[in-house]
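Open the model in your viewer and keep the selection tool at hand. This tour moves from one selection to the next.

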Amino acid sequence: MKGFSRKDQAFSMCGLSCALCPMKLGGYCPGCGGGEGNQSCTLARCSLERGGLEYCFQCGQYPCEKYENFDQYDSFLTHQGRARHVERARQLGVAQYRQELKEKASLLQTLLTEFYTGRKKTFYCVAVDLLELEDIRAVADQFLSVRDQKERERKAVAFLEELAVQRGTTLKLRKKPKKAKQN
């Protein structure tokens, strides 16, 4: 959106973890307020109208009608943990939460370097976003010594899926159902 920019490209104004997004990691998205390629966004427009709030939760009207059904489906980035991320940023403070997110992004890079054989990028992004920091650390601690990368990936994926079941979540993007074609 023209005239809209933000300093924090890792944690979006709505609470999504852009630092863990496959589109951002691939260089396909600059993040909200990140310059060229920045998409039009009703939240960005709202921020500009309210003096340039850095995060929606800083607004006295948050959460507003713009958040109705916002988390029901995912885009290329999961929305499942968005409200929890916002609450965590509020509790810890944005600076400390940003540090936590930075560590998660570093662990994601480790997963993509050491545990990735070409088919699980989105899976790892969702897992790192939704699971706790200590859960993600445990993957590297337990399986980095496995010599074969395919075996390392298989074990890491099974471990993360089991953790997700224990935590009551699934590590898949929730896509909006396609509308049936009308004749």
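This is a predicted model: local features need pLDDT of at least 70, side-chain atom pairs count only at pLDDT 80 or more; totals for chains, interfaces and linings use all residues.

**Stop 1: H6 and H7.** Select 133–143 for helix H6 and 149–167 for helix H7. How do H6 and H7 run relative to each other? Their axes cross at roughly 150° and come within 10 Å. That angle is over 145 degrees, so H6 and H7 are roughly antiparallel. The crossing of H6 past H7 is right-handed. Now show side chains. On H6, pick Asp-135, Ile-136, Ala-138, Val-139, Gln-142 and Phe-143; on H7, pick Arg-152, Lys-155, Ala-156, Phe-159, Leu-160, Leu-163 and Arg-167. These residues make the contact. By class they are eight nonpolar, one polar and four charged.

**Stop 2: H4 against H6.** H4 brings Glu-100, Glu-103, Lys-104, Leu-107 and Leu-111 to the contact, while H6 brings Leu-133, Ile-136, Arg-137 and Val-139. The tally here is five nonpolar, no polar and four charged residues.

**Stop 3: Val-139.** Center on Val-139. Which residues does Val-139 touch, not counting those up to four places away in sequence? Select Leu-111, Phe-115, Leu-144, Ala-156, Phe-159 and Leu-160.

**Stop 4: the core.** Zoom out to the largest nonpolar core, which has 49 residues. Val-139 is among those with the most contacts inside it, together with Phe-57, Tyr-124, Leu-160 and Leu-171. Which helix gives the most? H4 does, with eight residues. In soluble globular proteins, nonpolar side chains tend to be buried together.

**Stop 5: Tyr-55.** Go to the loop between H2 and H3 and select Tyr-55. Is Tyr-55 buried or exposed? Its relative accessible area is 3%, so Tyr-55 is buried. Leaving aside neighbors within four places in sequence, Tyr-55 is in contact with Arg-6, Asp-8, Phe-11, Ser-12, Met-13, Val-94 and Arg-98.

To finish, draw a distance from the C-alpha of Tyr-55 to that of Ala-138. The pair is 83 residues apart along the chain, and the separation is 31 Å.

Conventions: Residues are numbered from 1 along each chain as its sequence is written. Side-chain values use heavy atoms; hydrogens and water are left out. A nonpolar core is a set of buried Ala, Val, Leu, Ile, Met, Phe, Trp, Tyr and Cys residues joined through side-chain atoms within 4.5 Å. Buried means under 20% relative accessible area, exposed over 50%, partly exposed in between (1.4 Å probe, protein chains only). Helices (H or I, at least four residues) and strands (E, at least two) are DSSP runs, numbered from the N terminus. Contact means heavy atoms within 4.5 Å. Axes are lines fitted to C-alpha atoms, for helices over the stretch in contact, and angles run from 0 to 180 degrees between N-to-C directions. Angles under 35 degrees count as roughly parallel, over 145 as roughly antiparallel, 65 to 115 as roughly perpendicular and the rest as oblique. A crossing is left-handed if the near helix is turned anticlockwise from the far one by less than a right angle, and right-handed if clockwise. Ala, Val, Leu, Ile, Met, Phe, Trp, Tyr, Cys and Pro count as nonpolar, Asp, Glu, Lys and Arg as charged, and the others, Gly among them, as polar.
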